[in-house]
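Please keep the sequence and the coordinates at hand while reading.

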Amino acid sequence: MTDMIALEQLTKNYPGQARPAVDKLDLTIPEGEIVILVGPSGCGKTTTLKMINRIIEPSSGIIRLQGEDVTRADPDELRRRIGYVIQQVGLFPHQTIGRNIAAVPRLLGWSRQRIADRLDELLHLVGMDPATYLGRYPKELSGGQRQRIGVARALAADPPVMLMDEPFGALDPISRERLQNEFLRLQGQIGKTIVFVTHDIDEAIKMGDRIAILREGSTVAQYDTPETVLAAPADDFVKEFIGSGASLKGLGLARVREVSLADWPTSQISAGREAARRALDSSDHGWVLLLDEQRRPVRWVEARALQGEGSLDRVGLEVRAIVEPTATLVGALESMLGSRVGVVVVVDGSGAFLGTIDMRVIMSAVEVMRAAAHKRVLDDRRRVRAGQEPPANAIAAQ
Amino acid sequence: MNFVEYAVENYDRLLELSLDHLAVVLVGLLIGGVIGIALGITVYQRPHLRNAVLNVCGVILTVPSLAMYALLLSLLGTIGAMPVIVALVLYSLLPIVRNTVTGLSGVDAAIVESAKGVGMGRWRRLLSIEFPLAWPVVLVGVRVSAVLLVGVAALGTIIGGPGLGELIFAGLRVITSPNAVNLALLGTLGVVVIGMLLDAAFLLLSRLTTSKGVR
């Protein structure tokens, strides 16, 4: 497969900044693929994208389009060969939808009839009725419709390449999912070479044939298919980045009863100090949990407080962070953060001790959720690309 | 003779002077508009130059109109409509330049970027995207200038300029005569009416020339 775009030693220095925003980047984009540039904010991914159509002029390096060095070509003519979609859409508010889409064909001097035919074709392509929408103004459209028009405008002169800068980033989650699916189906028909910037790893996995994970200075941490990136992250940076998805959201949905609880040394108050000391010694924890006759948690005690003699009723700290199995993991996490011991005690309906939740329990729950989420995104992507219906939840959401 | 009778009797003269007044204002406004908009386009992306130009225009507006006419009289060495028009052009600049700059700078950066992205060159971008979007704001500047100039032009009579100032000054000259108040009132009223008509005309123009998409 040939390379549609090749970036060679591409560099962008901004005056007054010690380090280049993009530092000697080498990257090739194969024809007909969607390549995602993804990375944390400030990594230079947007700068990289905007250097391809020279909205930002590179400081040094070479940009090749279909093998031709376009680094010093006329930027306006270059841009007419490259579709460009940005997050804010940037439709011309004083022009009708038809005129907006016709921007590039008009610049290229197409005939009226050819433009009219193309407008019809494009609106059908993005699933909007030409008779209804061609004469409208951008403000009369919803956010999702506007971005469909943004995509149609970028496609108008049938450019071989499209650049998309967080194109669905400003939409609500439901519209975003719909547009992602529509766009993948559309790409199935048009087979453009697409460079797509996002900061959302889930979107990258779903949309990309290949993902370039970038770190600061637009340095490529890994450039591979989504499956490989997920299965074999190149380093800790990639590993951390692909784990950066919606963990907190997941914790708000998961319940305490769904995770395996951690064990903890306990001792009955009535068993006395010696028993409590033994329980503590036999574990590597610094605190022992004292239970009453009904196995309800009563006090947290450290080794120091167990020295000497006497009743255990008043030693150590009161147990405050207690949750039941129906609590969410977010709730458990909150209680944990408020606890001196750093541990939440889980009790059953009658208040009896079941186990504890500590940071490790939360982390392993997050791991499981992530793996499930990535699998879901990959399945979703496979389904959409195979031309099947979107998953049931997307239909319900409409 | 009461004022209404006086006005009816001098109707022809009033109309003639009003039309002269309007003409001199419109000529000044047209020239000022062209210069002001051109200046605004030149400076809006150059912060230092922009501030310098706006400051100069601001200073011009603080010069009392009587002093301005005296100054232009000696500078140009002539009386009549010409020095009056020069004064009107100078006074019109601040609102027009300022609103042109404000309007152009206020165009959403994403819109300008996507105009670049479809391959529009500098001038095409300015003419077909940026200026049309700035237009309603520019026109407000022109409208403010128009109303301002109607008043300033009334004083132009002292250096031989045309217009309703003639009635006002005639009233001043015959201050003791019974018609003095009628004269001055007629001139003043004419000035006010022309100001209001121009204001309304520009409001209408703004409606008619602003795209439905940005109204």
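Is S218(A) buried or exposed? With a relative accessible area of 1%, S218(A) is buried, where buried means under 20% relative accessible area, exposed means over 50%, and partly exposed lies in between (1.4 Å probe, protein chains only). This is a predicted model, in which local features need pLDDT of at least 70 and side-chain atom pairs count only at pLDDT 80 or more, while totals for chains, interfaces and linings use all residues. Residues are numbered from 1 along each chain as its sequence is written, chains are lettered from A and ligands numbered from 1 in the order in which they are written, and side-chain values use heavy atoms, with hydrogens and water left out.

The backbone at S218(A) deserves attention: its phi is positive, about 55°, although the residue is not a glycine. Most residues other than glycine have a negative phi. S218(A) is placed in the loop between strand 9 (210-215) and strand 10 (219-224) of chain A; helices (H or I, at least four residues) and strands (E, at least two) are DSSP runs, numbered from the N terminus. R54(A), likewise not a glycine, has a positive phi near 60°. The loop that holds R54(A) runs between helix 1 (45-52) and strand 4 (60-65) of chain A, and R54(A) counts as buried because its relative accessibility is 6%.

Side chains of opposite charge can pair when their charged atoms come close. R54(A) and E57(A) meet through their side chains in a salt bridge of 3.0 Å, N to O, the term denoting a side-chain nitrogen of Lys or Arg within 4 Å of a carboxyl oxygen of Asp or Glu. While R54(A) is buried, E57(A) is partly exposed at 35% relative accessibility. Over all chains, a search of the whole structure finds 24 salt bridges.

Two further pairs in chain A can be examined in turn. E302(A) forms a salt bridge with R304(A), with 3.3 Å between the closest N and O atoms; E302(A) is partly exposed at 28% relative accessibility, and R304(A) is exposed at 61%. The side chains of K375(A) and D379(A) meet in a salt bridge at 3.1 Å, N to O. These two residues are separated by about one helical turn, because they lie four residues apart in helix 16 (residues 359-385) of chain A. K375(A) is exposed, with a relative accessible area of 52%, whereas D379(A) is partly exposed at 25%.

Charge pairing also reaches across the chains. Between chain A and chain B the count is one salt bridge. The side chains of K50(A) and E113(B) meet in a salt bridge at 2.9 Å, N to O, and K50(A), D165(A) and E113(B) are linked in a network of salt bridges. In the interface as a whole, 22 residues of chain A are in contact with 21 residues of chain B, contact meaning heavy atoms within 4.5 Å. About 1,900 Å² is buried between the two chains, and carbon and sulfur atoms give 63% of this area; buried area is the accessible area (1.4 Å probe) that two parts lose on being put together, summed over both. F92(A), H94(A) and L107(A) supply 30% of the area that chain A buries against chain B, more than any other three residues.

The interior can be followed through its nonpolar cores, each a set of buried Ala, Val, Leu, Ile, Met, Phe, Trp, Tyr and Cys residues joined through side-chain atoms within 4.5 Å. The largest has 62 residues, and I101(A), F183(A) and I213(A) have the most contacts inside it. Helix 7 (residues 143-155) of chain A gives the largest share of this core, five residues. A second, separate core of 51 residues includes Y6(B), Y69(B), L94(B) and V150(B).

Nonpolar side chains occur on the surface as well. V27(B), L30(B), I31(B), V34(B) and I35(B) form a nonpolar surface patch with about 430 Å² of accessible area together. L30(B) is found in helix 2 (residues 11-43) of chain B and counts as exposed because its relative accessibility is 61%. Patches are made of residues with over 30% relative accessible area and no salt bridge, like charges being joined within 9 Å and nonpolar side chains (Val, Leu, Ile, Met, Phe, Trp, Tyr) within 5 Å; accessible areas come from the Shrake-Rupley method with a 1.4 Å probe, and for residues only the protein chains shown count as cover.
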